[in-house]
Amino acid sequence: MTDLAIETEGLVKVFGTNRAVDGIDLRVPAGTVYGVLGPNGAGKTTAVKMLATLLRPDGGRARVFGKDVVGDADTVRGRVSLTGQYASVDEDLTGTENLVLLGRLLGHTRAAARDRSAQLLAAFGLADAADRQIKNYSGGMRRRIDIAASILNTPDLLFLDEPTTGLDPRSRNQVWDIVRAVVAQGTTVLLTTQYLDEADQLASRIAVIDHGKVIAEGTKGELKASVGSGSVHVRLRDPEQRPDAERVLQGALKAAVTLEPDPVALTATVNGHGTDLGAAEQAARALAELARAGITVDNFALGQPSLDEVFLALTDRPAETLADGPTDGLGEGTPTDRKGPTA
Ligand SMILES: Nc1ncnc2c1ncn2[C@@H]1O[C@H](COP(=O)(O)OP(=O)(O)OP(=O)(O)O)[C@@H](O)[C@H]1O
Ligand SMILES: [Mg+2]
């Protein structure tokens, strides 16, 4: 029990008639990164806010390091830190001013706050931007300063709510390195994300949530085994060979083949059904069969399963909110969402 950072039973949050979090059971081992994966509106932020004591549950129970998030909220608050989906730093202050101010609010002396600020800015690659106002930071720099702000005092449990949404690959990698460094110091991290590869890179266990419910939970390996190992994307030289290529791939991979809008492109799932070959080996065999059938392949790629593929595998439908955008006016980036609910 003491080695669980988070334990929830039937956790519920209702907004009007919308069960945003609809009975979630989670067990997050201390000292690990736990990934919560789900599309827009799945209930990730709402769940995180309840665990961080910012929002009061309407049902069920949640404990953080064994302490109830409602009954023992003050104790919980002393051990957790939250980096929200939207940066919470002051736009008009510089990087240093923000961190020093927060350090002072946390009770550090001016000197200690300055030291810690300089140390974090350097560690996060922001030393050159230390004296620049946050409003002139790029999106990636903002995410980094926001995480820096949340670990001024090293928390026992850090919530990172979509830390890399909207970042370019290089900035994402920098944030991932920061997360790894934080965990190496003993902090437990609960990370929400819409990206399967992010959960895969960082998390040891993953919960997939949809419409406020956990629809799959397990280690990365378990989740991938249920989803398939990825997909092969193939581009042909000659669009007329596509029907043949479709047949050959279907036979070789024993899986559904999708015809892309691009008339020379096909995508097939590599799911390992009926074979213990790895994804790369299966893909290589399928390509060899295409060559044997006289089909010219211009290029191909072996990709990780996307969140859509995870949802297709788990629910038989795509994560529709990813494709269509928020449907309820309360999705990402709206003023209502930004303000956040009050408990
Ligand atoms: N304060 C609120 N009042 C009313 N409804 C809310 C409120 N906060 C969230 N919701 C609704 O609860 C549901 C879950 O929202 P939540 O923000 O938890 O989703 P999310 O998984 O974090 O999505 P995203 O990936 O877009 O951040 C959505 O339908 C949302 O519109
Ligand atoms: Mg959210």
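User: In which segment does Asp3 lie?
Analyst: This is a predicted model, in which local features need pLDDT of at least 70 and side-chain atom pairs count only at pLDDT 80 or more, while totals for chains, interfaces and linings use all residues. Residues are numbered from 1 along each chain as its sequence is written, chains are lettered from A and ligands numbered from 1 in the order in which they are written, and side-chain values use heavy atoms, with hydrogens and water left out. Helices (H or I, at least four residues) and strands (E, at least two) are DSSP runs numbered from the N terminus. On that numbering, Asp3 lies in the segment before E1.

User: Is Asp3 buried or exposed?
Analyst: Buried means under 20% relative accessible area, exposed over 50%, and partly exposed in between, with a 1.4 Å probe and protein chains only. Asp3 has 54% relative accessibility, so it counts as exposed.

User: Which residues does Asp3 touch, leaving out those up to four places away in sequence?
Analyst: A contact means heavy atoms within 4.5 Å. With residues up to four places away not counted, Asp3 touches Val28, Pro29 and Ala30.

User: Which strands stand at the edges of the open sheet formed by four strands?
Analyst: Two strands pair if DSSP finds at least two bridges between them. This sheet has the order E2-E1-E4-E5, with antiparallel pairing. Two of its strands have a single partner each, so one side of each is left without a neighbour in the sheet: E2 (18-29) and E5 (67-68).

User: Which residue in E2 stands opposite Val12?
Analyst: Strand E1 (residues 4-15) runs antiparallel to E2, and nine bridges join the two. In E2, the residue opposite Val12 is Asp22.

User: With which side chain does the side chain of Glu7 make a polar contact?
Analyst: Glu7 is in strand E1 and counts as buried, at 13% relative accessibility. A polar contact is a pair of N or O atoms within 3.5 Å; within protein, one must be able to donate a hydrogen and the other to accept it, and residues adjacent in sequence count only if both atoms are side-chain atoms. At 3.0 Å, the partner of Glu7 is the side chain of Arg27.

User: At about what angle does helix H1 run to E1?
Analyst: Axes are lines fitted to C-alpha atoms, for helices over the stretch in contact, and angles run from 0 to 180 degrees between N-to-C directions. Helix H1 (residues 44-51) lies across E1, E2 and strand E4 (59-64), and its angle to E1 is about 120°.

User: By how many degrees are neighbouring strands of the open sheet of six strands turned against each other on average?
Analyst: The order of this sheet is E6-E7-E8-E3-E9-E10, with mixed pairing. Strand E6 (80-83) and E10 stand at its edges with a single partner strand each, so one side of each has no neighbour in the sheet.

User: At about what angle does helix H6 run to E8?
Analyst: H1 lies across E3, E6, strand E7 (157-161), E8 and E9, at about 155° to E8. Helix H6 (residues 169-184) lies across E3, E7 and E8, and its angle to E8 is about 155°.

User: Which residue in E8 is the bridge partner of Val36?
Analyst: E3 and E8 run parallel and are joined by five bridges. In E8 (residues 188-193), the bridge partner of Val36 is Thr192.

User: Which backbone nitrogen does the side chain of Thr192 reach?
Analyst: Thr192 is buried, with a relative accessible area of 0%. Beyond four places in sequence, its contacts include Val48, Leu160 and Glu198. At 2.9 Å, the side chain of Thr192 reaches the backbone nitrogen of Glu162.

User: Which residue takes a positive phi in the hairpin of E9 and E10?
Analyst: Five of the six residues of strand E9 (residues 205-210) are buried, so E9 is largely enclosed by the rest of the structure. E9 pairs with strand E10 (residues 213-219) in the antiparallel sense over six bridges. The hairpin has two residues between the strands, and the positive phi, near 45°, belongs to His211.

User: Which residue lies over the face of Phe65?
Analyst: A charge sits over a ring if NZ of Lys or CZ of Arg is within 6 Å of the ring centre and within 35 degrees of the ring normal. At 4.0 Å from the ring centre of Phe65 lies Arg79.
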